[in-house]
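Here are a few notes to go with your look at the rings and helices. Keep the viewer open while you read.

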Amino acid sequence: MADSRLISVEEIKKHNTTEDCWLVINDEVWDLSEFAPDHPGGGEIIYRHAGRDASTSYNGIHAQSVLSSNLDPSKLIGTLDKRSVTVEWSKPPPSTTPELKLHEKPPLETIINSQDFEDVAQRTVTKKTWAFYSSADTDCLTRDRNREFFGRIWFRPRLLRDVKKVDASTTILGHAAGAPFFVSPAAMAKLVHADGERAMARGCVPNRIPQGISSNASFPIEEIVSAVPKDKNHPFFFQLYVNKDRSKSEALLKHVRALGVDVCFATIDAPQAGKREADERVKADEGVAAPMSGAKASNDKKGGGMGRLMGGYIDPSFVWADMTWLRKHWPGKIVVKGVQSWQDAKMAADLGIHVLLSNHGGRNLDTSPPAIMTLLECQMNCPEIFSEIEVLVDGGIRRGSDILKCLCLGATAVGLGRPFLYATNYGQEGVEHLIEILKSELETAMALVGVTSIDQCQPGLVSTLDVDHLVSRGGGHPYAVAKGPPIARAKL
């Protein structure tokens with residue numbers, strides 16, 4: 001600290017102009033006069049809090065370390081003298097809108113399923129947070145079908161089995177896990193809770209549920225990983241969006257691997273962001289930024305879509321041949337995230353790369369296939385891959401029974417994205433509660449189907465007759481022909 005002296009509110013209030021701008025952030029008094037004009041989200045959000053306590057606004061967007069890592073120590077003036085704080089000074093700036101105030105949430109013990117978490121989030125988070133998390137591409141058909149198609153697959157229980165002891169533990173990508181599911185990587189969890197991904201990490205520990213961390217996470221990855229005691233050896237997976245500047249991705253991968261993370265999810269389904277109209281309709285807070293990718297929220301004539309505007313750094317030229325580059329810079333396990341056809345799953349398996357069958361929660365290409373249908377397509381066309389690689393599924397999973405259906409159809413484990421974001425509305429305790437709910441539902445379904453361990457799950461325990469006619473067979477269309485010359489087929 002440049003000066004450890006206590007600074008009174010009366011002194012702080014004097015520095016409330018664009019030329020002389022002091023802010024209190026987490027009881028520290030900072031001089032942001034020089035920094036404000038260069039703030040990536042614009043100076044207005046800083047000037048709005050000049051001479052005031054900006055902790056609430058700051059903590060809703062940034063990690064604690066952002067100030068100390070970006071400003072010269074001399075800009076830290078001192079510490080707030082709490083004895084001088086008045087009720088009037090503590091009030092938020094006049095421009096704060098009611099929208100930014102979270103409404104009261106019902107007690108956590110009243111939440112009994114993942115849908116309850118979603119319903120509470122819709123009523124209590126800001127309009128922008130809800131729009132960003134819940135939105136999907138154009139008409140949201142894929143987002144909704146992801147969930148609906150689980151209801152078209154039926155169990156075929158085998159009874160009179162001893163199911164007194166049910167064990168849902170398993171291994172995912174070489175890591176012991178308390179249940180066959182993980183937190184799918186999702187951006188900007190801090191929008192729903194000040195502790196964001198760190199709360200997720202702590203909430204995953206009791207049941208040893210792996211956490212996927214996005215390149216667009218709210219915190220630097222080291223702050224997320226360090227939220228869990230090192231002796232827990234907790235599993236983390238890192239999701240990579242390949243940067244147009246490959247050197248930045250290389251440096252990031254090296255940094256992540258040095259933290260002990262050994263699984264990389266290489267995202268392949270987002271060379272361009274989809275048109276998420278609900279997200280576009282609500283303006284973004286231009287102070288929002290992702291510290292690892294450097295992506296920043298903004299607004300333009302198309303709207304305020306955070307997915308679109310924060311994804312400009314992603315390399316759309318990333319192709320299969322680049323797996324050689326990725327292997328060179330990532331010595332751990334590789335999973336291609338976003339596989340939506342059996343052909344791509346087969347190509348990955350031939351390269352010894354694991355797959356995550358996913359359509360990005362329906363956020364990028366509407367009418368892309370529901371994830372559970374891609375799983376069936378792989379079973380129909382390339383069943384051998386299930387003994388060669390680990391096949392993961394993510395999309396529309398909300399119940400323990402959904403998890404069990406995926407396991408019976410060959411998946412190693414499943415990922416859940418939005419449910420964990422909505423649960424984080426309650427912080428660490430919400431994440432723990434959701435995991436307990438899902439694990440309990442899964443164990444109940446296992447017992448009622450007639451299995452007591454994950455390795456007993458097999459296709460004969462489910463009926464897919466209601467959707468079998470929708471499963472793609474072969475590589476082309478069953479009867480339509482292309483206009484013009486034949487299309488060159490990719491070689492595996």
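This is a predicted model: local features need pLDDT of at least 70, side-chain atom pairs count only at pLDDT 80 or more; totals for chains, interfaces and linings use all residues.

1. Searching the whole structure for aromatic pairs turns up 7 of them.

2. Take a look at Phe-182 and Phe-265. Their ring centres are 5.9 Å apart and the planes sit at 70 degrees, so this one is edge-to-face; the cut-off for that label is over 60 degrees. Phe-182 belongs to strand S9 (residues 181–183) and Phe-265 to strand S12 (residues 263–267), so the pair ties together parts that are 83 residues apart in sequence.

3. Are Phe-182 and Phe-265 buried or exposed? Both Phe-182 and Phe-265 come out as buried.

4. Next, the charges over rings. Lys-105 lies over the face of Tyr-426, 5.6 Å from the ring centre. Arg-152 has its charged end over the ring of Phe-149, with 5.1 Å to the centre.

5. On to the helices. H9 (residues 196–204) packs against H19 (residues 427–449) with the axes 8 Å apart and an angle of about 45 degrees, which means H9 is oblique to H19. As for handedness, the crossing of H9 and H19 is right-handed.

6. Which residues meet where H9 and H19 pack? From H9 you have Ala-199, Met-200, Arg-202, Gly-203 and Cys-204. On the H19 side they meet Gly-427, Gln-428, Val-431, Glu-432 and Ile-435.

Notes:
Residues are numbered from 1 along each chain as its sequence is written. Side-chain values use heavy atoms; hydrogens and water are left out. Rings of Phe, Tyr and Trp (its six-membered ring) pair if their centres lie within 6.5 Å; planes under 30 degrees apart count as stacked, over 60 as edge-to-face and the rest as tilted. Helices (H or I, at least four residues) and strands (E, at least two) are DSSP runs, numbered from the N terminus. Buried means under 20% relative accessible area, exposed over 50%, partly exposed in between (1.4 Å probe, protein chains only). A charge sits over a ring if NZ of Lys or CZ of Arg is within 6 Å of the ring centre and within 35 degrees of the ring normal. Axes are lines fitted to C-alpha atoms, for helices over the stretch in contact, and angles run from 0 to 180 degrees between N-to-C directions. Angles under 35 degrees count as roughly parallel, over 145 as roughly antiparallel, 65 to 115 as roughly perpendicular and the rest as oblique. A crossing is left-handed if the near helix is turned anticlockwise from the far one by less than a right angle, and right-handed if clockwise. Contact means heavy atoms within 4.5 Å.
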